[in-house]
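Dear colleague,

I am handing over the structure below, and after it I set out what was found. Please keep it open beside this message while you read.

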Amino acid sequence: MRRVVPHPDPLPKGEGISTHSPRPLGKKISTHSPRPLGEGLGVRAAALLAALALAGCAVGPDYQRPGVPVPTQWRLADGGMTTVANPGWWRQFQDPVLDELVEIALRENKDLKIASARIEEYLGRYAITRADQFPQLGADASADRTRAPGSSTLSGNSTISNSFQAAGLLGFELDLFGRLRRATEAAQAELLATEEARRTVILALVTGVASNYVQLRSLDQQLDISRRTLETRAESLRIARLRFQAGLTSELDVRQAEAEYQAAAVQIPQLEIAIAQREDAISLLLGRNPDAIARGRTLDRLAQPIPPAG
């Protein structure tokens, strides 16, 4: 038979073991210490200053013009340099027809029109890119008109309702890392490059018209000389035949005169083809279909510009 020995210090009925200290009822314990009133404002001010500092930053270094070794002064004197760089240098030939052709080319040339249109295009791109740096303001409005049939209303009568909505939109992008500024600089550089490309087209166009015109007048002079040479060869051939028929010369002299006549005659079609090609080239520069080109002064009467010394 087992014997049960009671605990020497039994717990009272209804009580248990607890490891927590007693806490008054209704009292909350907070682990946060009180914060001064101005501490939140200081944090906000620091964040604002940091944002402004980041706004002053830009991606990548600023553009620096590379060093190019250039002379300190022009080789030509001021007067000679002005004459060479004069935009109306073709007027030094003193040919009114050439002046008119250049004016037509500057007004009607297709490549020049394309170059001018590209300037307008890149100017618009620059304006759009630059506008992204400023606040964007917009507005939106809408209107709606509905009619409810009588079967869907309590009164049994159809009703018409109108609704109008209007909203204003305002947006601004902070350029924290300089993306918009770099894009604006790139668009401006492209615009300036396009303007210089247009000037290059103008220079090449005027040079092409003047060069082809001078070559055309040279071919005209060569054709005139060839035709007069052909007339001379024809007269020499006629005399050689008369002398051969009279028994004064051999047939060899006649054959030689015929060869010289044919050599002069074959040059005329070649020169006429070359003249037509020059006229077609000038017509293309003028923005027109191939056609005959008006002539002005002859080659020997064109004024010769005096190149400056240097």
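Contact, a term used throughout this message, means heavy atoms within 4.5 Å. The model is predicted, so local features need pLDDT of at least 70 and side-chain atom pairs count only at pLDDT 80 or more, whereas totals for chains, interfaces and linings use all residues. Residues are numbered from 1 along each chain as its sequence is written, and side-chain values use heavy atoms, with hydrogens and water left out.

Confidence comes first. With pLDDT being the predictor's confidence in each residue, from 0 to 100, the protein has a mean of 80, and 72% of its residues reach 70 or more. Helices here are DSSP runs (H or I, at least four residues), numbered from the N terminus; confidence is lowest in helix α2 (residues 78-84), at a mean of 48, and highest in α6, at 95. Over residues 1-38 pLDDT stays under 50, and for this stretch the model has two contacts beyond four places in sequence.

Next, the interior. A nonpolar core is a set of buried Ala, Val, Leu, Ile, Met, Phe, Trp, Tyr and Cys residues joined through side-chain atoms within 4.5 Å, where buried means under 20% relative accessible area (1.4 Å probe, protein chains only). The largest such core has 25 residues, and those with the most contacts inside it are L98, L101, V209 and L286. At least two residues of this core come from each of α3 (96-108), α5 (179-245) and α6 (251-285), and the largest share, nine residues, comes from α5. Leaving aside neighbours within four places in sequence, V209 is in contact with L98, L101, V102, A105 and L285.

Now to α6, which has 35 residues and reaches 52 Å from its first C-alpha to its last, close to the 51 Å expected at 1.5 Å a residue (the expected span is 1.5 Å times one less than the number of residues). Its buried residues include V254, I268, L271 and E279, and what covers the buried residues of α6 includes α5.

Where does S226 lie, and is it buried or exposed? S226 lies in helix α5 and is buried, with a relative accessible area of 7%. Its contacts, again leaving aside neighbours within four places in sequence, are with Q267, I268 and L271. Just after α6, G287 takes a positive phi of about 75°.

With best wishes

Methods
Buried < 20%, exposed > 50% of the residue type's maximum accessible area, 1.4 Å probe, protein only.
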